[in-house]
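Let's take a friendly walk through one protein model, a step at a time. Have the sequence and the 3D view ready as you read.

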Amino acid sequence: MKKHAALIISAALATLTACTPEPTAPTPTATTITIATEPLAAINPLEQQPHPLTTLLYQPLFSYLPHSTNQYHLDTVRSLGNVTDISPDATTYTITLHNRSWSDQTPITTNDIELWWQLSNATQTLPETITKLTILSPDTFTITADQTYNPNWFIANQLNHITPLPQHAWNPAKTLTPTELLDQITADASNPNQPRWKITNGPYVIAANSPQETSTTLAINPNYDGLDKPTIPKIILTNTGEQHRTADYQTLPFNTDPETLNELQKAGFTIMPRYRHAIEYAVLNMTNPLIGETYIRNAMQQLVDQQTIIKTVWNGHALPGCGPTPTNPNQPCAPTYNPMAAQKLLEKNGWAKRGGKFHCIDAEKCGREMETGQELTLNIIAPNGAFSDKVFPILERNFASAGIKLYLTKADNPFEMVSQCEQVADCSWQLGVFTNDFAWNFPIWATGEEILSTLGKANLGSFSSPEVDAGIEASVFSDGNDAMSAYIEAVASENPLIWLPTPADSFIVVRDSLVGVDPNSGFLPQDWRLR
């Protein structure tokens, strides 16, 4: 199976960044807006993570809404087709294209899917889970998987790679081999003014691109037949001069100081946090006897005051963490913070306070390898930086108020301590945060095979649970619709990680006169309106 996550993954729109603005520009005209970003220097719709503007010009087959209740999380407004049938063994997917066209009004057909297939095979970027393409008609084709997968996982995390390409414009006579065509595409990629890039299927087309690459101008595709019709006639992407510093839409880094954000708001801009599809957590070292006890892990989670962390560390721009899947920004979960319940849980399992600190008074109840009289202390390892400086002091106070001493061990490379735990039975740490960007980013269907399965490459705490493994297996390989819920419930019963707030990735800054911007739905200027 193709691995699809990394400990630190940049957000899709990371390229849309800007310098600190000087909010003094006039209101945009009724027909034009400016976006502070790097202009479009190259186009390649075959890239695994294409520039957001490339995706705007060449729309993929499927678009997604991560937190929607739509079948397979598909965005039914923007998707170019739909899954109309799945074989009984969940290996063959029948897909029917909608009645959509290229910008020259040529219909999008299965010829364009076939061209994507040929070029993806030639570049070896085709997911290894996809083994066969079968063209059934001009508007219908099938994709065959190498084995049975959960349709939610396969459609969201594998078929998301499919992007129709204009066969009628790029290889009309079908005389070019994939390699020959790729050579042409590569040669044209660095020049967005090439005729090749005039035939697109998105809501906007390139109207002008300066030779010096200081600005790119987009105009409405007059033949766009999607349901999401654009209304802003002209969009200028620029990174130079006054336009850059006073753009109508720009992205600022998350560490932008609050004073700058306040000045922008006073000057008529709206500040919107943008979140990754990710979770933040501290790893629990399951090789340690204390952490091996489920009741202790449950008590620890109840001592994490996430709302205080969100308010004081992240200035209110963070989402609480409540489990192994990302929190919906529009419907944040309610984290458990209950110090009294945590203390009662410890008392029920053989611990009692002595001098304001918990000590084990019944080793049999306390658990494996516990000793009567031992104090309940915990050690967390973390690198220098945001967690050690900002989050740890709050956790330290939370745990101390309940009678538990929490120590911090700073390490230049916390991963070394993990490798030590693979060699010795008694590890010196109970919790670990291994990077200052201590997040795990997910694809649309947020399964946990990397971080929580017994053999997961990023299972840094050596967690192992047959029930959780079974839940992960079902969420990836079964054809059941309830597999994800079962997985989440299995994780909740084990509490294998300490869930922490997920801070915003960046800030989207838009002029108040520009409406319809959803910072967490991607770069979709066709949804924006001027008032």
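**A helix and its surroundings**

Just after helix α2, residue Q124 takes a positive phi of about 55 degrees. Keep in mind that this is a predicted model. From Q124, let's step back into the helix itself.

Helix α2 has 14 residues, and from its first C-alpha to its last it reaches 20 Å, close to the 20 Å expected at 1.5 Å a residue. At the start of α2, a side-chain oxygen of T109 comes to within 3.1 Å of the backbone nitrogen of N111.

Now look at what is hidden. The buried residues of α2 are T110, D112, I113, L115, W116, W117, L119 and S120. Their cover includes β3, β4, β5, α4 and α5.

How do α2 and α5 cross? Their axes come within 9 Å and cross at roughly 85 degrees. On the α2 side, the contact is made by L115, Q118, L119, A122 and T123, while α5 brings P178, L181, L182 and I185. Sorted by type, the residues of this contact are seven nonpolar, two polar and no charged.

Finally, let's visit a loop. N459 lies between β18 and α14. Is N459 buried or exposed? With a relative accessible area of 11%, N459 is buried, because the cut-off for buried is under 20%. The N459 side chain reaches the backbone nitrogen of S462 at 3.3 Å. Leaving aside neighbours within four places in sequence, N459 is in contact with E450, I451, L452, S453 and T454.

Notes:
Residues are numbered from 1 along each chain as its sequence is written. This is a predicted model: local features need pLDDT of at least 70, side-chain atom pairs count only at pLDDT 80 or more; totals for chains, interfaces and linings use all residues. Side-chain values use heavy atoms; hydrogens and water are left out. Axes are lines fitted to C-alpha atoms, for helices over the stretch in contact, and angles run from 0 to 180 degrees between N-to-C directions. Helices (H or I, at least four residues) and strands (E, at least two) are DSSP runs, numbered from the N terminus. Contact means heavy atoms within 4.5 Å. Ala, Val, Leu, Ile, Met, Phe, Trp, Tyr, Cys and Pro count as nonpolar, Asp, Glu, Lys and Arg as charged, and the others, Gly among them, as polar. The expected span of a helix is 1.5 Å times one less than its number of residues. Buried means under 20% relative accessible area, exposed over 50%, partly exposed in between (1.4 Å probe, protein chains only). A polar contact is a pair of N or O atoms within 3.5 Å; within protein, one must be able to donate a hydrogen and the other to accept it, and residues adjacent in sequence count only if both atoms are side-chain atoms.
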